[in-house]
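Please look through the structure below with its aromatic side chains in mind.

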Amino acid sequence: MNGGEFMVRVGRKEVVAAALPVQEHWLPLSNLDLLLPAVDVSVFFCYKIDIPDGDVDDEEEYFRGFGSMVRALKRGMAEALVSYYAFGGEVVSNSVGEAELLCNNRGVDFMEAQADVRLDGLNFYNPDLSIEGKLVPKKKNGVLSVQVTELKCGGVVVGCTFDHRIADAYSANLFLVSWAEMAQSKPLSVIPSFRRSLLNPRRPGFYHPSLDDMYVPISSLPPPNPPQPGADHLISRLYYVSSEQLTLLQTLASGGGIRRRTKLESLSAFLWKMVAKSADVMENADKKTCKMGVVVDGRGRLSNGDDDKTALMATYFGNVLSIPFGEKLIGELKDQPLSWVADEVHEYLKAAVTKEHFLGLIDWVEAHRPEPAIAKIYGSGSSDGPAFVVSSGQRFPAVDFGWGRPALGSYHFPWGGDAGYVMPMPSPARDGDWVVYLHLLKGQIKLIEDEASHIFRPLTSEYLKLADFPPLIS
């Protein structure tokens, strides 16, 4: 068995609505929400629930315990949706075709499932086999769907899928923490804010012309190329990178200490070189370019030191993102040292980590409405050269619903664009290590594994310390 060959049986399905009545109302999407395509994001948490050895009564107690876990999750969900009512609504189109949120307490589709696999038997390295279509739900209705899966021998996986137009990762993390608090009958530590006025355009509006290169109306994009037989395709993989390797990359990217680059800049620069090198097989490769974007959260930028605004933005629920990107010749990226590439990453990020950048982006959307627009790099990755986006998941929470911290938590985001997607997250197994989700072309993954296997190591149950999983009760 390769850890992906198992059956999942979905049993009970129901809709969990808010525990208290929600006054039906319309919530407009902000200008920054409108930049997101209609894509869904998944996240999953794997829990190791110990079963005492050898006693049938203990086994029966566990199965009763799983039922109580599900009841706690549903109760917590119903209570969390009172404050996070956006996740219990529906996305609809207004009279000009823009998406809006109908907050009608439609509720969240909630499924219970069983899988005939142990937690330590899952193929964590290849989520296309073990997670996609099995342990995270396909969202069919509403904004959020949840699937709780009982594994053999005490494993539980909580999988969620949500509409990215309604929430970015920061917002989803707020909800996940609040849901866990409600499941444990604790008070909410954060009350979310849906004040769209925080992201209102200026009058008159103004934006820097560089935003025309960063975002584009969807109508200006060329039609997608039809899939070619035997063409390379995007796949998802999970790795871990040790703290020692991250420190070494940071030292190299910082030019031996001449200037300090962050770990995210350093890892991103390394991947930019790798992806560029993988494009050597393309015709006239050295004349083509390779693009890399980095997702920037604008909450701190828009606050700009204002304590009141900082407090408001810290609880704001919605998308507050920009995706600046760099574009360099493939030959340059291959030949230049890592420190040069890291400098390029640092330079193109500088312009996007300011208050003015985000205010300008809000104004840019306003100037183009109601025509839908998108980050230019989302539609990149073609015959012109490869492209991918890096998004930091370092704020990813270790969500404890009442039965301990997860053995693994990860985003799963095969986002449907032509570009690849990368998200590094903190490791649950070893402080300072990162778990890294890669959604890249198969050829790019192969080159990374061939040339950087000492850095990107496949995520395994042994690394996650699941090898001492309790034995099967007979």
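Leaving aside its neighbours within four places in sequence, which residues is tyrosine 240 in contact with? With contact meaning heavy atoms within 4.5 Å, tyrosine 240 touches Asp433, Trp434, Val435, Ile455, Phe456, Arg457, Pro458, Leu459 and Tyr463. This is a predicted model, in which local features need pLDDT of at least 70 and side-chain atom pairs count only at pLDDT 80 or more, while totals for chains, interfaces and linings use all residues. Residues are numbered from 1 along each chain as its sequence is written, and side-chain values use heavy atoms, with hydrogens and water left out.

Tyrosine 240 lies in strand 10 (residues 234-241), a strand being a DSSP run (E) of at least two residues, numbered from the N terminus. Because its relative accessibility is 15%, tyrosine 240 counts as buried, a term that means under 20% relative accessible area with a 1.4 Å probe and protein chains only. Between tyrosine 240 and valine 436 there are 5.8 Å in space, C-alpha to C-alpha, although the two are 196 residues apart in sequence.

Across the whole structure, a search finds 24 aromatic pairs, where rings of Phe, Tyr and Trp (its six-membered ring) pair if their centres lie within 6.5 Å, and planes under 30 degrees apart count as stacked, over 60 as edge-to-face and the rest as tilted. Phenylalanine 396 and tyrosine 411 form a tilted pair, at 5.1 Å centre to centre and 55° between the planes. Phenylalanine 396 belongs to the loop between strand 16 (387-390) and strand 17 (408-412), and tyrosine 411 to strand 17, 15 residues apart; both residues are buried.

Terms used: Helix = DSSP H or I, 4+ residues; strand = E, 2+ residues; numbered from the N terminus. Buried < 20%, exposed > 50% of the residue type's maximum accessible area, 1.4 Å probe, protein only.
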